[in-house]
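User: I would like to learn how to read helix packing and local contacts in a model of this kind. Could we go through it one feature at a time?

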Amino acid sequence: MDESAEMNHKKKYINIAEAARRAGVSPSTLRLWEKEGLIVPSRSEKGHRRYDADQVTRLDRIASLRAGRRLTTAGIRENLGESSPEAATPRDAIDAIPEMKEREQDKHEIARLKQTVVAQERKFSAIREILKVEESSPEAATPRDASDAVPE
């Protein structure tokens, strides 16, 4: 396999931090541009955003339009002419991958369950403390009312 065919066969990707650094913006700006449909990075098996050389070139163009011409997202989209398949309909990145959405829902459910467990542990801890206090109290051995009294 010649060198150019090998390069095409295996794309090189960079992560969001590196892509943001190269474009001169923050990673949160790249996530916003993704949500607005200006760029759609590919995803790793674990769901991490990955940018190839074409996407980095597009990011540079978007950053240039934003900084140099002070265009809004709508202006950038119009200037790009929606000619690229990456200028797709705006979407949330999590909605783009069903498995990611399920994982996100699972994370929320796990967090909710952990909060429930912590709340229950606090209740049980409080009950245990009350019982310890009652057991150690000198009044613990005395009947609470006359019906509990044992005749002598």
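This is a predicted model: local features need pLDDT of at least 70, side-chain atom pairs count only at pLDDT 80 or more; totals for chains, interfaces and linings use all residues.

User: Which side chains does the side chain of Ser 26 join in a polar contact of 3.0 Å?

Analyst: Ser 26 also has its place in the loop between H2 and H3. Its side chain makes a polar contact with the side chain of Ser 28 at 3.0 Å, and another polar contact of 3.0 Å joins the side chains of Ser 26 and Thr 29. The C-alpha atoms of Ser 26 and Ile 16, which are 10 residues apart along the chain, are separated by 9.0 Å.

User: Before we turn to the helices, how many helices and strands are there in the protein?

Analyst: The protein has seven helices and two strands, and read along the sequence they follow the pattern α-α-α-β-β-α-α-α-α. Of the 152 residues in the protein, 23% are buried. Among contacts between residues at least 6 apart in sequence, 54% join residues at least 24 apart.

User: What describes two packed helices, and at what angle do H2 and H3 pack?

Analyst: The general idea is that two packed helices are described by the angle between their axes and the distance between the axes. In this model, H2 and helix H3 (residues 27-35) pack at an angle of about 95 degrees, with their axes 8 Å apart, and H2 and H3 are therefore roughly perpendicular to each other. On the H2 side, Ile 16, Ala 17, Ala 19 and Ala 20 meet Pro 27, Leu 30 and Arg 31 of H3. By class, the residues of this contact divide into six nonpolar, no polar and one charged.

User: How should I read the crossing of H2 and H4, and at roughly what angle do their axes cross?

Analyst: The axes of helix H2 (residues 16-23) and H4 come within 9 Å and cross at roughly 45 degrees, which makes H2 oblique to H4. H2 passes H4 in a right-handed crossing. The contact is made by Ala 19, Arg 22 and Ala 23 of H2 and by Val 56, Leu 59, Asp 60 and Ala 63 of H4. The contact of H2 with H4 has five nonpolar, no polar and two charged residues. As background for reading such lists, an α-helix has 3.6 residues a turn, so residues three or four places apart point the same way.

User: What is the angle at which H4 and H5 pack, and which residues make the contact?

Analyst: Helix H4 (residues 53-68) and helix H5 (residues 73-80) pack at an angle of about 125 degrees, with their axes 10 Å apart, which makes H4 oblique to H5. The crossing of H4 and H5 is right-handed. H4 contributes Arg 58, Arg 61, Ile 62, Leu 65 and Arg 66 to the contact, and H5 contributes Ile 76, Asn 79 and Leu 80. These residues divide into four nonpolar, one polar and three charged.

User: Which residues of H5 are buried, and what do they pack against?

Analyst: The buried residues of H5 are Gly 75, Ile 76, Arg 77 and Leu 80, and the buried residues of H5 pack against H4. Just after H5, Gly 81 takes a positive phi of about 70 degrees.

User: Two arginines remain: is Arg 69 buried or exposed, and is Arg 43 buried or exposed?

Analyst: Arg 69, whose place is in the loop between H4 and H5, counts as exposed at 53% relative accessibility. Leaving aside its neighbours within four places in sequence, Arg 69 is in contact with Ser 64 and Asn 79. Arg 43, by contrast, is buried, with a relative accessible area of 17%, and lies in strand E1 (residues 42-43). The side chain of Arg 43 makes a polar contact of 3.2 Å with the side chain of Glu 34, and the side chain of Arg 43 also reaches the backbone oxygen of Gly 47 at 2.6 Å.

How values were computed
Residues are numbered from 1 along each chain as its sequence is written. Side-chain values use heavy atoms; hydrogens and water are left out. Axes are lines fitted to C-alpha atoms, for helices over the stretch in contact, and angles run from 0 to 180 degrees between N-to-C directions. Helices (H or I, at least four residues) and strands (E, at least two) are DSSP runs, numbered from the N terminus. Angles under 35 degrees count as roughly parallel, over 145 as roughly antiparallel, 65 to 115 as roughly perpendicular and the rest as oblique. A crossing is left-handed if the near helix is turned anticlockwise from the far one by less than a right angle, and right-handed if clockwise. Contact means heavy atoms within 4.5 Å. Ala, Val, Leu, Ile, Met, Phe, Trp, Tyr, Cys and Pro count as nonpolar, Asp, Glu, Lys and Arg as charged, and the others, Gly among them, as polar. Buried means under 20% relative accessible area, exposed over 50%, partly exposed in between (1.4 Å probe, protein chains only). A polar contact is a pair of N or O atoms within 3.5 Å; within protein, one must be able to donate a hydrogen and the other to accept it, and residues adjacent in sequence count only if both atoms are side-chain atoms.
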